[in-house]
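This briefing sets out selected features of one protein model, grouped by topic. Please read it alongside the sequence and coordinates.

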Amino acid sequence: MPWVSQELCTGCGLCVSQCPVDAIALTDGAAVIEEAECIRCGICHDACPRQAVRHDSERIPQEVADNLRWVRGLLKHFDQPDDQAAFIDRMRRFFTKERKVNEKTLAVIAEAETNPDAALEAAIADLTRSGGEASGS
Ligand code: SF4
Ligand code: SF4
């Protein structure tokens, strides 16, 4: 999802007026995008004269740091080295699962360039069926 650099934004409001779903508001003189409302159209990115609307990929370091802060906060609940090691292993498995979910999603999306709605519907039906079979076995 696009995001707004609060340092670069001048609060001119151009992106607010062009967003087709009113997902941007001016707060304390700068634009803020409401993630739940944004449809990822990219119009705000093209509209901003200050390059204040930034790409998702620039947030990777911050999101990794957020993940590590979360893991570190949970780690405080475990005092013993063995318990800490077991917890770290559970976290390793959790993030491995997240990676697999994203890799599978990416693979389906990459195959869906032609007639994407039908391709996505077919993939969802297939995954729902195989998920049901897996949970029922
Ligand atoms: S990407 Fe599109 S929907 Fe999302 S905030 Fe920008 S203009 Fe609005
Ligand atoms: S167009 Fe750019 S500078 Fe203007 S309010 Fe939007 S993000 Fe800020």
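Helices, of at least four residues, and strands, of at least two, are DSSP runs numbered from the N terminus. By that numbering, Arg40 lies in the loop that runs between strand S3 (30-33) and helix H2 (43-47). The model is predicted. Its protein chain is divided into domain 1 (3-54) and domain 2 (60-136), whose C-alpha centres lie 29 Å apart.

**Ligand surroundings**

- Ligand 1 has 13 residues around it, of which Cys19, Cys38, Cys41, Gly42 and Cys44 come nearest.
- The shell of ligand 1 consists of 11 nonpolar residues, one polar and one charged.
- Ligand 2 is surrounded by 14 residues, and the closest are Cys9, Cys12, Gly13, Cys15 and Cys48.
- In the shell of ligand 2, 10 residues are nonpolar, three are polar and one is charged.

**Packing of H3 and H4**

- Two packed helices are described by the angle between their axes and by the distance between those axes.
- Helix H3 (residues 60-75) packs with H4 at an angle of about 150°, and their axes are 11 Å apart.
- Because angles over 145 degrees count as roughly antiparallel, H3 and H4 are roughly antiparallel to each other.
- The crossing in which H3 passes H4 is right-handed.

**Residues within helices**

- Val16 has its place in helix H1 (residues 14-18).
- With a relative accessible area of 25%, Val16 is partly exposed, since that class lies between the limits of 20% and 50%.
- Val16 and Ala47 are separated by 31 residues in sequence and by 9.6 Å in space, C-alpha to C-alpha.
- Glu98 belongs to helix H4 (residues 81-110) and is partly exposed, its relative accessible area being 31%.
- From Glu98 to Asp66 the separation is 32 residues in sequence and 15 Å in space, C-alpha to C-alpha.

**Loop residues with positive phi**

- Arg40 is not a glycine, yet it has a positive phi of about 60°.
- The relative accessibility of Arg40 is 46%, so this residue counts as partly exposed.
- Asn115, found in the loop between H4 and helix H5 (116-136), has a positive phi of about 50° although it is not a glycine.
- Asn115 counts as exposed because its relative accessibility is 52%, and the exposed class begins over 50%.

Methods. Residues numbered from 1 in each chain as written. Chains lettered and ligands numbered in written order. Predicted model: local features only at pLDDT ≥ 70, side-chain atom pairs only at ≥ 80, totals over all residues. Heavy atoms only, no water. Near = heavy atom within 4 Å. Nonpolar A, V, L, I, M, F, W, Y, C, P; charged D, E, K, R; others polar. Domains from an automatic or database assignment. Buried < 20%, exposed > 50% of the residue type's maximum accessible area, 1.4 Å probe, protein only. Axes fitted to C-alpha atoms, helices over the stretch in contact; angles between N-to-C directions. Parallel < 35°, antiparallel > 145°, perpendicular 65-115°, else oblique. Left-handed = near helix turned anticlockwise from the far one by under 90°.
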